[in-house]
Amino acid sequence: MGKTKGRLTLPSESNFLEQTKELLERWGADAIRDSDGTKLDEATKQLDAKIYTTYFVARNHNDFIKDYMEECQQIFVMSKFWLATEETLTIPFMEGYFEDQVQPDYVHDPKKYWEVIDRTTGEVVPVERWSINQENNTVTIQGTKPFHEYTVSFLVYAIWDPTQMYNHITNNWGDVPHDIPFDVRGPHSNQFMHDYLKQWLKENPDTDVVRFTTFFYHFTLIFNNLGKEKFVDWFGYGASVSVAALEAFAKEKGYRLRAEDIVDEGYYNSTFRTPSKAYLDYIDFIQAFVAREAKKLVDEVHDAGKEAMMFLGDNWIGTEPYGPYFEQIGLDAVVGSVGGGATLRMISDIPHVKYTEGRFLPYFFPDVFREGNDPTIEANKNWLSARRAIMRNPVDRIGYGGYLSLAYKFPKFVDYIEHVTDEFREIYDIVKHTKPYTGLKVAILNAWGRLRTWQSHMVAHELPYKQIYSYLGIMEALSGASVDVSFISFDDIIHGGVPEGVDVIINAGDAGTSFSGGEVWKNETLITRIREFVYNGGGFIGVGEPTAVHHQGRFFQLGDILGVEREMGYSLSTDKYFTKELKEHFIIEDIEDVHKIDFGENIKNVYGLTSATEVLEFSNPKVSAGGVEEGIVLPANAEGKEFGEIHLAANPYGKGRGVYIAGLPYTPENTRLLMRALFYAANKESELTKWYASNPLVEVHAYPEKGVYAIVNNTNEAQSTLVYDGEGVSRAVELEPSEIRWEKIS
């Protein structure tokens with residue numbers, strides 16, 4: 001691997017010229033950027049590199065907004081649940097919120113926009129029965145029902161941008177003024193937005209790329225009274241709400257939104273909630289508005305002879321790259337933060353831009369670059385996880401963010417990034433614009449479909465939560481696997497059937513979530529179309545609680561395809577006999593001990609439906625029949641059949657097959673398990689060992705158009721493996737730690 005240059009963006013800062021020049025050469029950077037909290041001095045801007053300049057549309061302009069505070073951004077929030085013990089209840093609705101970030105909106109009539117709700121019954125309390133004390137920020141309700149709970153949903157002004165607030169806390173910014181975000185729906189704000197950009201473009205002739213961070217509305221991020229995160233949803237549209245937006249929505253859509261349509265019982269329309277029609281209408285409304293207004297800014301940038309780049313983060317709400325309006329914005333590029341393979345593909349697969357860029361981890365911030373810590377560890381983990389996805393579809397550029405002066409103090413880290421950047425350019429030059437070998441076409445089925453491509457089960461990028469890591473592992477596994485992946489919604493199938501060419505459908509998630517589906521599984525058309533697809537030869541894989549809603553004697557509505565059902569406590573009187581594990585099966589062929597598979601959080605009480613169910617892993621009960629353990633005694637005739645559960649099963653269904661998996665955290669071994677399950681469900685077992693490695697820690701990526709293939713060691717240790725070519729012929733290979741070996745296709 002020789003020394004190369006380009007496709008790298010280097011962060012820099014004032015008074016760091018010589019070190020910047022050194023790293024510009026060592027890392028082969030061809031672009032330099034500022035970061036939130038840093039500026040480039042004139043000498044740095046004259047270096048031989050493209051200059052990216054961060055541009056804030058709706059924040060960092062306090063001199064303007066202080067004169068028009070009625071045009072601050074707004075958000076609906078909800079109070080805590082408060083218990084009434086008498087017929088009068090006073091609720092201090094701001095309790096638990098950070099008053100440096102949000103303040104109640106008393107400019108607009110609360111009686112028109114706020115809601116008080118009896119959360120025991122769900123009834124809205126008539127406005128005549130409650131009053132507001134503005135001095136104390138309280139609502140007093142008359143005629144409350146004792147021992148019912150009540151909440152207040154109220155509008156606030158956002159007076160501190162949450163990203164700046166986060167950086168303020170993380171980077172100890174001290175007395176730096178708080179950025180006040182403004183709403184470009186306001187007439188003064190909209191005019192200022194255009195006037196300022198035009199003047200800024202004239203005053204920044206050295207800027208080549210205007211990096212919008214991002215446009216108008218921040219993802220939902222609310223802090224508590226301790227200054228810590230209270231609620232965060234990277235997909236949340238709550239902070240795009242305003243009185244102006246509510247009125248415009250009513251005029252455009254023909255009906256009014258309630259506060260409850262936004263606060264959603266306190267769930268704030270989390271991406272895990274199955275979206276209501278009102279919320280989907282609101283998303284569409286905001287996306288159309290943002291696209292129209294953002295296009296005007298992008299056109300101004302282009303008129304000035306510069307490129308327009310959008311950061312996929314911070315104020316990205318309304319600009320969803322897989323949405324129906326994104327193309328209209330006319331952006332040149334999108335840059336986003338890379339947490340792993342799934343977020344890499346989320347960025348690299350974006351259509352309608354000239355190039356994409358991934359911001360790799362760690363950020364050069366003092367929480368990582370501190371004495372006693374080795375940032376190389378995080379960088380290595382981040383690179384190896386993203387590299388799998390890059391082998392399938394690379395971003396066009398990579399880069400880093402933060403304070404370059406911090407990173408420079410860690411020579412080992414500097415050396416490692418030099419290796420990473422050279423390796424990235426080598427991969428890119430070979431695989432970009434070349435279709436990699438693909439064995440199957442897989443469709444991820446959930447409520448969001450294409451709109452949230454590669455974003456399934458994410459809360460804040462790829463941060464792990466107990467309730468999602470068992471599902472997010474599917475996205476991570478598929479991001480670097482030799483399969484084509486698409487994202488389809490339940491409505492897609494209801495209105496158009498299963499898309500042509502799909503081999504296997506995956507439905508994964510907890511019951512009732514947008515990803516599993518909830519009530520939609522009562523839809524006759526959805527059920528019958530998937531059954532027909534599988535019966536005629538398709539594959540269906542369910543993970544966790546797939547197709548789950550209690551209806552007509554079933555919890556897993558497609559349990560007939562999966563061969564399993566979940567005991568909900570209603571059928572304990574019905575014996576469950578089908579617990580015997582198969583010792584041999586294609587899916588578990590290369591697994592030494594099936595009971596050591598990591599199924600994550602598991603799903604309790606899943607049992608086999610018929611004798612045709614192929615039980616591949618049945619959890620052993622803690623006690624044996626007639627035995628004593630931990631003080632528990634079982635009857636001699638129990639035989640364990642009622643005391644275990646199925647975690648892995650397969651089932652024939654007409655000409656097709658179903659597979660059930662309890663959970664699938666990301667590991668190389670689980671990636672292999674998923675691949676075997678996919679090929680089995682698709683009835684294409686013989687196709688698995690094409691461009692394939694026997695060792696799950698190694699993967700093979702072939703590029704027939706280029707006549708080359710890569711053998712990739714995804715670990716920091718040497719590996720041995722059998723490598724299979726496109727004809728299924730194998731040979732033994734030894735690989736160095738994290739090695740990529742390029743070979744010609746004979």
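This is a predicted model: local features need pLDDT of at least 70, side-chain atom pairs count only at pLDDT 80 or more; totals for chains, interfaces and linings use all residues.
Helices, of at least four residues, and strands, of at least two, are taken here as DSSP runs numbered from the N terminus. Most residues other than glycine have a negative phi, and most peptide bonds are trans. The residues described below depart from one or the other of these patterns.

Two cis peptide bonds are considered. In one of them, the bond runs from Thr213 to Thr214, and its omega is near -25°; Thr214 itself lies in the loop that links strand E13 (209-212) with strand E14 (220-223). The other cis bond joins Leu361 to Pro362, with an omega near 0°, and here Pro362 is placed in the loop between strand E18 (355-359) and helix H12 (375-390).

Positive phi values in residues other than glycine form the second topic. Asp264 has a phi near 55° although it is not a glycine, and its place is in the loop that runs between helix H8 (260-263) and helix H9 (277-303). Because buried means under 20% relative accessible area, Asp264, at 12% relative accessibility, counts as buried. Ser738, likewise a residue other than glycine, has a positive phi, with a value near 55°, and is found in the loop between strand E37 (730-735) and strand E38 (740-744). The relative accessible area of Ser738 is 16%, and this residue is therefore buried as well.

Definitions and conventions. Residues are numbered from 1 along each chain as its sequence is written. Side-chain values use heavy atoms; hydrogens and water are left out. Buried means under 20% relative accessible area, exposed over 50%, partly exposed in between (1.4 Å probe, protein chains only).
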